[in-house]
Amino acid sequence: MKLSREFINFVVVGAFAALVNFVSRIFLNFIFNYQISVILAYLCGFITAYIIFKRFVFKSDAHISSSLIKFALVNVLTIIQTYFVSVYLNIYLESKGVPYSKEIAHFIGISVPVISSYFGHKYFSFR
């Protein structure tokens, strides 16, 4: 199976946006509890991803208001995935005494929606 250049770019840019999400969650956790930090960090990654996906991955000339609304709708589904995986996996890992459980759980939570996000943005947000 050959991966398209667009998908590879999506993964690379998505990884950068995920890094923004991940690092901002660590800093936000100094101010807010873990659950709120996960949501606020997701919004940091969301803004980063929208700008770069629109301009460099999908090279969309769709009007900003319509593409941003569609992008947000796709991301409502992915934030639900990210939130539940991050929070409940953290609870499980903490109960097992796993060090860095928040970081591990959040990293996995960010990674889960890659495929659904790609197809949602390709065929809905930026088509």
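Is E94 buried, partly exposed or exposed? E94 is partly exposed, because its relative accessibility is 41%. Here buried means under 20% relative accessible area, exposed means over 50%, and partly exposed lies in between (1.4 Å probe, protein chains only).

This is a predicted model, in which local features need pLDDT of at least 70, side-chain atom pairs count only at pLDDT 80 or more, and totals for chains, interfaces and linings use all residues. Residues are numbered from 1 along each chain as its sequence is written, and side-chain values use heavy atoms, with hydrogens and water left out.

Start with the salt bridges. The whole structure holds three. The criterion is a side-chain nitrogen of Lys or Arg within 4 Å of a carboxyl oxygen of Asp or Glu.

E94 belongs to one of these pairs: its side chain meets that of K102, at 3.1 Å from N to O. K102 is partly exposed, because its relative accessibility is 25%.

Next comes R25 with E103. Their closest N and O atoms are 3.3 Å apart. R25 sits in helix 1 and E103 in helix 4 (residues 101–111), so the bridge ties together parts 78 residues apart in sequence. Helices here are DSSP runs (H or I, at least four residues), numbered from the N terminus. R25 counts as buried, because its relative accessibility is 1%. E103, at 26%, counts as partly exposed.

The E6 and K122 side chains also form a salt bridge, at 2.6 Å from N to O. E6 lies in helix 1 (residues 5–28) and K122 in helix 5, so this pair ties together parts 116 residues apart in sequence. Both ends are partly exposed: E6 at 22% relative accessibility, K122 at 24%.

Helix 5 has another partner. Helix 3 (residues 64–95) packs with helix 5 (residues 114–125) at an angle of about 160°, and their axes are 10 Å apart. That makes the two helices roughly antiparallel, a label for angles over 145 degrees. Axes are lines fitted to C-alpha atoms over the stretch in contact, and angles run from 0 to 180 degrees between N-to-C directions.

The crossing is right-handed, meaning that the near helix is turned clockwise from the far one by less than a right angle. Helix 3 makes the contact (heavy atoms within 4.5 Å) through S67, K70, F71, L73, V74, N75, T78 and Q81. Helix 5 supplies S116, S117, G120, H121, F124 and S125. By class, this contact has four nonpolar, nine polar and one charged residues. Ala, Val, Leu, Ile, Met, Phe, Trp, Tyr, Cys and Pro count as nonpolar, Asp, Glu, Lys and Arg as charged, and the others, Gly among them, as polar.

Technical notes: Parallel < 35°, antiparallel > 145°, perpendicular 65-115°, else oblique.
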